[in-house]
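Here are some notes for a colleague who is meeting this structure for the first time. Please read them with the model open beside the text.

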Amino acid sequence: MKLDDFDFDLPEGLIATRPARPRSSARLLLAQSGGMRDLHVHDLVDLLGPGDLLVLNDTRVIPARLSGTRSRMTPQGEAVARIEITLLEPTPEGDWRALAKPLRKLKPGETVRFGEALSAEVTRIGDAELTLRFDQSGEGFERALSEVGAMPLPPYIAALRAPDEADRTDYQTVWARNSGAVAAPTASLHFDADLLEKLKARGVQFVHVTLHVGAGTFLPVKVEDVTTHKMHAEWGEITEEAARLINQTRASGGRVIPVGTTALRLIESAASEDGIVHPFRDTTQIFIYPGYRFRVTDGLMTNFHLPKSTLLMLVSALMGQDQIRDIYRHAVDSGYRFFSYGDASLLIP
């Protein structure tokens, strides 16, 4: 499999910069053995029912985009440089890996100040990123970050507009509770309280898992032979109760349908060869591409993904490359909105 096998032409006008309102009014492309149907997310009430289990990622996106300053005394006086920081993930020691722009303006031991509420010491500088030690931790850090940070919109949206206050709500799921993601599990953004209540009334069940989505989800694949691509690591957790519900659904003949590729990658990481999901609390680097044998997943709700991306490879593994080409051709021709704030698909292999 070559990287070009996962390429397609996407007009820039189909990149969504704002979500649909209300959330569940977004379009939904249903793709299954019988073909394709153009629906809306609120039609899930008619597509799902008793026996179906939706797997939801409850990670909470942190306002990981920070704007600060670095001061340095020179023979000419104080030199101040503006520094843009994007947090990536915490280290085991409690520091944070981050990207900085411009990275060359920083040295180990220097302090970057983000207003009065928060500052950080540069503890290490690498070729492409750095490590920061903040002056606060725990709840104090979260409060300060909420005050000074902005939501880390994906590069393809940030290139078209700056983040604003609306994104603090729009780029967060209604069930988010475990802080740690620097990107949203975007298929979940289509759900609102009204849709959840209607699905519950239909007998659909829900189970929450946690995968802290990292900035690596946006990294391009740079190798021509996709099977040699090294996947980024992300931390996730499946509790004993969540594993039990998933296994119970499978044993009773119900469908396990993750909402989003993050939930799918996590449950597949935690599953043994016989399809039993085990409690999980670790990082995963699972890379799913055509040829992968799914152990747990019976369907997937997901948005429309970037050309040449690992997520496009994942859905190609689920549905088959030829069918995904047809699905994406139909989505482009029909004006579906793409990427994080875009429309959704329900894929039933």
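How many cavities of 30 Å³ or more does the structure hold?

1. The structure holds one such cavity of 30 Å³ or more, a cavity being a set of points on a 1 Å grid over the protein atoms alone where a 1.4 Å probe fits but cannot get out. The largest cavity has a volume of about 60 Å³, taken as the space filled by probe spheres set on the points. Its lining (residues with an atom within 4 Å of a point) consists of Pro-19, Ala-20, Arg-23, Leu-189, His-190, Ser-340, Tyr-341 and Gly-342.

2. This is a predicted model, in which local features need pLDDT of at least 70 and side-chain atom pairs count only at pLDDT 80 or more, while totals for chains, interfaces and linings use all residues. Residues are numbered from 1 along each chain as its sequence is written, and side-chain values use heavy atoms, with hydrogens and water left out.

3. In helix H2 (residues 138–148), the buried residues (under 20% relative accessible area, with a 1.4 Å probe and protein chains only) are Gly-140, Phe-141, Ala-144 and Leu-145. Because they span an arc of only 130° around the axis, they fall on the same side of H2, the arc being that of the directions from the helix axis to the C-beta atoms. On the other side, Glu-139, Arg-143 and Glu-147 are exposed, that is, over 50%.

4. Thr-284 lies in strand S15 (residues 280–284) and is buried, with a relative accessible area of 5%. The side chain of Thr-284 reaches the backbone nitrogen of Ile-286 at 3.2 Å.

Definitions and conventions
Helix = DSSP H or I, 4+ residues; strand = E, 2+ residues; numbered from the N terminus. Polar contact = N/O pair within 3.5 Å; in protein donor to acceptor, adjacent residues only side chain to side chain. 1 Å grid on protein atoms, 1.4 Å probe; cavity = no way out; pocket = protein on both sides within 12 Å on 5 of 7 lines; lining within 4 Å.
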